[in-house]
Number of protein chains: 4
Amino acid sequence: MSTFGTLFRVTTFGESHCASVGAIIDGCPPGMPLSDEDIQPQMTRRRPGQSVLTTPVSLAPASNEARILTRKWLLVQRNEQDAVQIQSGVEAGYTLGTPIGLMVKNKDHRPHDYTETDDYPRPSHADWTYLLKYGIKASSGGGRSSARETIGRVAAGTIAERYLKMAYGVEIVAFVSSVGKIHIPDSNGDDDLLSEDYLKLLHGLTREKVDENTVRCPHQETAELMEERIHEAKANNDSIGGTVTCVIRQSPVGLGEPVFDKLEAKLAHAMLSIPATKAFEIGSGFKGCEMPGSLHNDAFVQKPDGRLGTKTNRSGGIQGGITNGEDIYFKIAFKSPATISQEQSTATYAGKSGVLATRGRHDPCVVPRAVPIVEAMAALVIMDAVLIQNSRKMAASLLPELNLPPSMALPPKKVQDEMVKKIVDQQKQ
Amino acid sequence: MSTFGTLFRVTTFGESHCASVGAIIDGCPPGMPLSDEDIQPQMTRRRPGQSVLTTPVSLAPASNEARILTRKWLLVQRNEQDAVQIQSGVEAGYTLGTPIGLMVKNKDHRPHDYTETDDYPRPSHADWTYLLKYGIKASSGGGRSSARETIGRVAAGTIAERYLKMAYGVEIVAFVSSVGKIHIPDSNGDDDLLSEDYLKLLHGLTREKVDENTVRCPHQETAELMEERIHEAKANNDSIGGTVTCVIRQSPVGLGEPVFDKLEAKLAHAMLSIPATKAFEIGSGFKGCEMPGSLHNDAFVQKPDGRLGTKTNRSGGIQGGITNGEDIYFKIAFKSPATISQEQSTATYAGKSGVLATRGRHDPCVVPRAVPIVEAMAALVIMDAVLIQNSRKMAASLLPELNLPPSMALPPKKVQDEMVKKIVDQQKQ
Amino acid sequence: MSTFGTLFRVTTFGESHCASVGAIIDGCPPGMPLSDEDIQPQMTRRRPGQSVLTTPVSLAPASNEARILTRKWLLVQRNEQDAVQIQSGVEAGYTLGTPIGLMVKNKDHRPHDYTETDDYPRPSHADWTYLLKYGIKASSGGGRSSARETIGRVAAGTIAERYLKMAYGVEIVAFVSSVGKIHIPDSNGDDDLLSEDYLKLLHGLTREKVDENTVRCPHQETAELMEERIHEAKANNDSIGGTVTCVIRQSPVGLGEPVFDKLEAKLAHAMLSIPATKAFEIGSGFKGCEMPGSLHNDAFVQKPDGRLGTKTNRSGGIQGGITNGEDIYFKIAFKSPATISQEQSTATYAGKSGVLATRGRHDPCVVPRAVPIVEAMAALVIMDAVLIQNSRKMAASLLPELNLPPSMALPPKKVQDEMVKKIVDQQKQ
Amino acid sequence: MSTFGTLFRVTTFGESHCASVGAIIDGCPPGMPLSDEDIQPQMTRRRPGQSVLTTPVSLAPASNEARILTRKWLLVQRNEQDAVQIQSGVEAGYTLGTPIGLMVKNKDHRPHDYTETDDYPRPSHADWTYLLKYGIKASSGGGRSSARETIGRVAAGTIAERYLKMAYGVEIVAFVSSVGKIHIPDSNGDDDLLSEDYLKLLHGLTREKVDENTVRCPHQETAELMEERIHEAKANNDSIGGTVTCVIRQSPVGLGEPVFDKLEAKLAHAMLSIPATKAFEIGSGFKGCEMPGSLHNDAFVQKPDGRLGTKTNRSGGIQGGITNGEDIYFKIAFKSPATISQEQSTATYAGKSGVLATRGRHDPCVVPRAVPIVEAMAALVIMDAVLIQNSRKMAASLLPELNLPPSMALPPKKVQDEMVKKIVDQQKQ
């Protein structure tokens with residue numbers, strides 16, 4: 001349904017052409033500084049109209065000049081479009097711990113008039129399955145299946161991320177890792193392992209770096225090829241898919257709730273709930289599964305700060321469904337947008353063969369805009385897991401010391417008070 | 001946590017060395033014929049000790065003769081091992097609609113004595129993260145992170161599957177699609193699409209066919225290479241990963257709950273909650289995202305039986321998070337088992353460098369045994385989605401007819417009673 | 001938290017002095033006619049300012065004339081106050097099955113300036129406990145604990161009720177059964193049973209009848225005494241509590257989910273979540289528990305329409321946590337409002353003794369306004385239970401016939417199709 | 001359904017005549033000492049066969065001698081009956097934080113043979129409604145609606161209570177406050193307030209005191225009258241109802257999750273889910289609602305230990321749905337058992353009039369045995385609320401200090417570390 005999370009819980013509403021879209025965030029920690037302005041930047045990164053790449057601003061041929069221009073964000077009207085308005089849950093600049101209502105007005109909230117193309121469900125779109133499911137659907141645009149639905153997620157995720165940053169210094173950065181067949185070089189040759197260089201890139205990457213080009217690919221040479229690929233798709237009235245990779249750094253340890261709510265299971269759930277996604281892999285992913293255990297295992301090593309870590313990080317920061325403090329990284333596949341201006345041989349709702357030619361201009365590639373959505377969903381998963389694990393650590397800290405061998409228990413706590421004081425540090429491990 | 005599902009809900013308990021493992025299934029439809037014997041076959045397919053491939057029965061070299069032998073299931077003691085016992089919820093051979101308690105006794109429920117290897121958390125195992133999370137963990141084997149935990153899932157999934165089969169004719173078949181770098185040939189050449197032959201294989205595959213060899217790979221030539229690869233791993237005291245592919249046929253349409261509980265999101269969640277999984281892809285997956293929309297879109301076509309279907313099925317039976325009646329297929333990656341007998345340079349719980357040599361014999365490859373687990377989790381997802389969608393269809397059928405254009409509503413219902421009678425047929429579409 | 005329900009799920013937001021209050025309703029059956037106007041009447045019944053009884057419009061002595069006047073609703077400005085606006089989930093006058101966003105703007109959304117009374121937590125109010133819980137709270141009015149929070153519930157409940165009415169003819173009517181020590185005469189003399197007259201009143205009561213006087217008590221003589229009691233409280237700058245009784249008629253049978261979600265348990269949960277409630281009783285309630293089983297048991301009898309019913313209805317329409325088709329009735333206690341204008345000896349937040357004199361005019365009695373809130377919560381409980389039970393009946397109807405003795409099973413279904421067609425009728429039983 | 005709780009979650013299974021009954025407790029804090037012996041005492045208090053009062057051990061007339069005898073628990077065979085067996089989640093005497101499986105074998109797990117009385121649904125029992133709901137039901141005894149189902153709750157509640165006691169010193173004591181029309185004197189004369197003496201009784205009551213007589217009523221004179229009343233019912237082949245009152249002392253402050261999961265709402269839900277319950281009231285309850293606010297409000301006062309408390313406690317320890325640290329007390333009504341040996345004029349499943357004479361001996365009064373069940377459900381509610389509130393306090397403690405007026409925020413934290421250290425103390429407030 002339209003609610004996600006257990007203790008930090010977001011519920012969204014809204015179709016592409018209704019009065020407004022938005023969300024209620026329930027369970028936000030009280031006393032956190034928050035205003036509309038804290039949420040807006042990710043909303044702006046998410047919205048269409050940012051560049052010729054992601055929006056149909058221009059059909060001009062992909063000249064060198066045009067490409068240079070498109071590298072600058074087209075932020076005209078930013079202040080007016082997709083402006084988020086906090087309705088509740090915040091006073092005097094602080095969260096109250098009560099539900100935060102969020103709303104973004106829809107500019108275009110009038111359903112369109114009937115056109116001939118309304119006879120056709122769009123191939124690989126949700127038109128037909130929404131009818132199968134509900135018996136009725138919105139008449140215009142994507143309705144509830146529109147990417148506009150993700151506005152509520154991004155707003156909620158931004159609030160989660162803000163808390164995680166303030167409390168634990170968590171950093172979440174996503175970027176475009178491929179467009180069509182063009183990938184950032186990431187492997188180590190024959191063994192198909194992610195290279196050390198690639199993992200270093202993940203470890204140091206910032207959103208500023210990601211936003212240096214319009215495709216949001218931090219490998220500049222690859223970014224230029226990606227832009228060309230998107231321009232090619234647009235020129236062909238076609239579309240193209242790609243992948244987004246995301247890294248979460250400084251995650252608290254111990255997150256994830258076996259057996260069904262392992263952290264990677266929740267991340268996969270969250271990511272595959274984003275429109276147009278087809279695949280998810282964490283750590284070494286599909287390729288890592290081709291390797292023998294002797295090469296794939298992440299051996300333990302004592303880190304300079306004294307805590308136990310791993311030499312390599314093929315696990316992607318999660319082992320047994322639980323975070324171990326290493327970088328969490330994963331990749332999500334987004335298919336090419338279903339709505340294209342090319343003629344398509346297909347059938348009407350009534351089953352009659354025909355040719356559908358969708359008028360108008362459509363987004364040839366969604367992955368650059370998907371970047372903040374992936375970051376938001378990642379934040380929602382981590383935030384909820386933090387609150388649940390906080391509860392357990394707090395509860396356990398009030399019990400007597402354990403005196404068991406190291407294969408059964410962490411070393412005994414010195415003194416009760418000391419242990420409670422350290423909860424925070426442990427969470428930051 | 002250890003509960004999965006909304007209306008069809010399974011809760012599991014048990015570690016590798018406690019008194020018993022099991023599950024409670026809540027929400028099973030009442031009046032379904034059910035006995036221990038209906039559950040046992042998948043339990044038996046899941047348990048270790050089935051072949052030299054999946055268990056350390058023999059260290060003999062992989063002679064031709066040995067391989068032939070291993071193709072026969074080693075079912076000795078089947079009746080005694082992992083025998084499921086229904087505790088409640090069934091009387092006179094029928095489900096009562098009340099919770100079904102299920103229990104399987106653990107043969108080995110005494111924690112082992114301390115050994116030197118207890119000083120080391122096993123690399124890429126859950127030993128260390130369980131300690132980080134809980135501060136305490138079971139002393140022996142995998143504890144709660146052991147594959148033994150999956151017994152409850154398989155039992156529950158088998159009950160779900162039984163209902164789906166009886167009510168809708170749903171068929172769920174999983175198989176091993178790769179071991180290490182050895183894959184069933186599945187692509188169409190340069191464009192990397194799944195080939196028509198491969199999709200036909202999925203469409204006609206049976207469990208009997210899958211079980212014809214011990215690796216549970218229905219492509220015999222590939223199966224033999226896979227066996228060799230597993231024997232090689234075993235000979236090296238090493239392990240190897242692989243992938244399992246699963247197809248769901250005859251699924252009712254309209255399943256999946258946008259926006260957060262899209263069917264692929266629930267499937268991904270379910271699959272990534274299985275121990276040792278690293279990746280999930282549905283339909284055309286990662287490769288499909290490299291293709292332009294014009295090639296990737298699944299055009300509509302009227303099927304011989306009159307209903308609307310798609311010419312191709314790159315979507316994998318799900319569009320907009322909702323099933324469309326085509327085959328649902330997806331692939332899951334399982335990493336190589338973490339526990340190997342090779343010496344590994346690593347560190348102790350205390351952070352001291354050293355060499356860990358795990359004694360005993362360990363499963364070199366889990367994918368053949370993972371097959372029924374994947375089938376079970378698939379059944380749990382579909383079952384829960386069916387119950388939720390049933391509720392909606394039933395509720396909507398009691399409302400007056402809609403008279404809206406085809407882009408907004410399915411054709412008006414003839415008569416109210418007729419519509420209700422047709423709910424079943426619609427569910428089967 | 002701020003979400004209620006499993007399949008029909010309402011999530012609310014809003015404090016007394018924020019920008020707006022509202023709700024998201026998720027899981028509404030698709031294809032139901034719905035507009036703002038369908039929701040507004042209950043919103044209007046709920047809001048303050050309806051009469052001198054429930055609002056501080058006048059401090060005039062309770063003359064006969066005044067009382068007559070107050071029997072007419074003061075509906076001035078109705079169109080402007082608490083006007084609900086549907087944001088999403090509805091198009092062309094029909095629900096889409098997607099989340100329905102609802103919003104009501106707050107007229108007074110500016111926190112007040114500091115006053116001396118801010119030093120005091122109001123006795124028996126939520127001021128102090130909100131601070132204990134969240135460490136922070138809204139500065140003005142009741143914040144999240146304000147009755148204004150119930151706007152979202154009433155809107156959601158009205159939608160649920162609309163469906164129940166359309167699909168099953170369910171009727172939900174609540175009324176004021178006592179104010180202070182003034183009760184509608186309901187018992188049968190010594191044995192304290194509810195009288196036949198009283199149960200007949202419940203069976204035939206309409207909202208129109210309830211709204212004939214301003215206290216919403218359908219027993220006119222009692223109503224007049226209640227009005228006097230409320231005027232007395234107001235004249236004393238005091239407040240007074242009371243009870244609301246609610247009847248649900250034409251409920252489908254089989255509702256309620258043992259063992260933890262028995263229907264009376266859900267009703268009790270729902271009712272005790274309304275601000276200022278202290279008690280709940282269903283059917284014969286506290287008094288019924290004083291009777292021997294031989295007198296209290298509801299004997300079975302065949303009803304004129306052929307189905308099995310009960311001669312008496314001490315169970316209140318629910319047995320074993322499940323509805324049996326008889327009238328469901330229950331009573332809820334509301335304490336006297338905590339905020340009064342009288343001086344109160346109490347202590348400041350800092351623990352210093354002092355006298356609090358709350359300025360302004362306050363609602364001396366909330367029970368008349370609580371009537372639509374009780375109706376709304378009742379509708380939410382029934383609606384969710386209907387959707388869950390629908391799912392089960394639908395699922396069970398697809399299984400083969402049972403042939404078991406009557407103590408184990410309902411009579412065998414004649415033919416499968418027939419059974420499915422009858423689901424509706426059974427639901428209406 | 002059969003799961004209760006969010007973070008501390010119990011799921012139960014079992015009917016009266018199946019192989020076993022039991023529960024899975026998920027979310028228990030790790031590292032708590034626990035063994036079968038810690039759970040058994042409450043199991044034993046719950047089970048039938050404890051006295052001639054609650055079980056049909058003897059039909060001897062209620063002589064003085066007999067009554068004296070019955071005041072001693074009849075604990076013969078205690079070790080064999082209802083012996084709980086922990087299956088999982090505990091090792092080396094400590095909880096692992098993983099699900100705790102619990103099982104109690106049913107002695108009598110063979111359905112009975114058909115008898116004539118099987119043609120009749122028992123009046124006011126769940127026989128008929130289970131059929132309406134599920135279409136099928138267990139053939140013998142109460143099936144899932146049997147009090148035997150509460151075994152899982154009591155076991156789970158005992159574990160919750162153990163944690164609450166160890167971590168916070170929480171004390172939960174329930175007792176029988178009335179049988180039939182015989183009540184412990186509790187009111188203050190005309191104003192119907194609970195007397196100071198009664199509240200003092202609640203404040204000091206122990207389980208040992210409660211168990212001094214077989215009816216579990218701590219007011220000895222009343223207890224003797226109650227015993228007579230029960231003997232009278234038994235002599236008449238009849239049954240009688242009553243009330244159980246429960247007090248929770250030393251509860252942490254800040255528990256309860258507005259707006260839908262207010263603590264009293266969760267308590268009401270929990271209590272009304274116990275078989276045979278009809279009503280719930282908290283604090284001053286129904287009677288308190290007859291009083292004006294000026295008398296009913298609980299004024300604030302600084303307690304000797306410096307913290308803010310209330311002079312009176314009509315709120316019953318909960319204001320605005322949140323605990324304030326005062327004693328929590330509430331009362332639950334249990335109807336007279338439906339199964340009696342008297343002849344009853346009723347109708348068969350088929351609707352034919354007739355006389356039902358249930359053979360065998362039946363429990364004439366359940367309230368003494370209900371005492372540990374009420375305690376268990378109370379513990380489950382408090383435990384879950386503690387874990388959720390723990391999470392919030394922990395999360396908020398990591399945010400910067402607030403500097404707001406006392407009507408908006410608790411006094412600023414001195415230093416961050418200090419605040420975290422104090423979380424425990426605050427929880428104990």
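A: **From one lysine to the assembly**

Lys209(A) lies in helix α6 (residues 207-210) of chain A, where helices (H or I, at least four residues) and strands (E, at least two) are DSSP runs numbered from the N terminus. This is a predicted model, in which local features need pLDDT of at least 70 and side-chain atom pairs count only at pLDDT 80 or more, while totals for chains, interfaces and linings use all residues. Residues are numbered from 1 along each chain as its sequence is written, and chains are lettered from A and ligands numbered from 1 in the order in which they are written.

Lys209(A) counts as partly exposed because it has 14 C-beta neighbours inside 10 Å; a residue is buried if 20 or more other C-beta atoms, placed from the backbone, lie within 10 Å of its own, exposed if 12 or fewer, and partly exposed in between.

Chain A as a whole holds twelve helices and 18 strands, and 64% of its 429 residues are buried. Of the contacts in chain A between residues at least 6 apart in sequence, 73% join residues at least 24 apart, a contact being two residues whose C-beta atoms, placed from the backbone, lie within 7 Å.

Chain A also meets chain B, in a contact that takes 103 residues from each of the two chains. On the side of chain A that touches chain B, helix α3 (residues 127-134) of chain A gives the most, with six residues. By class, that side has 48 nonpolar, 38 polar and 17 charged residues, where Ala, Val, Leu, Ile, Met, Phe, Trp, Tyr, Cys and Pro count as nonpolar, Asp, Glu, Lys and Arg as charged, and the others, Gly among them, as polar. Strand β11 (residues 277-282) of chain A runs antiparallel to strand β11 (residues 277-282) of chain B, and three bridges join them; two strands pair if DSSP finds at least two bridges between them. Here Phe280(A) stands opposite Phe280(B) in β11(B).

Within chain B, five of the six residues of strand β7 (residues 100-105) are buried, so this strand is largely enclosed by the rest of the structure. β7(B) pairs in the antiparallel sense with strand β3 (residues 20-26) of chain B over six bridges, with Ile24(B) opposite Gly101(B). It also pairs in the antiparallel sense with strand β4 (residues 85-86) of chain B, over two bridges, and there Ile86(B) has Leu102(B) as its bridge partner.

Helix α4 (residues 150-168) of chain B is likewise described by burial: 16 of its 19 residues are buried, so α4(B) is largely enclosed by the rest of the structure. Gly169(B), with a positive phi near 70°, follows α4(B).

Chain B in turn touches chain D, with 37 residues of chain D in contact with 37 residues of chain B. The elements of chain D that give two or more residues to this side are β2 (9-13) and β3 (20-26), and β3(D) provides the largest share, five residues. This side of chain D divides into 14 nonpolar, 17 polar and six charged residues.
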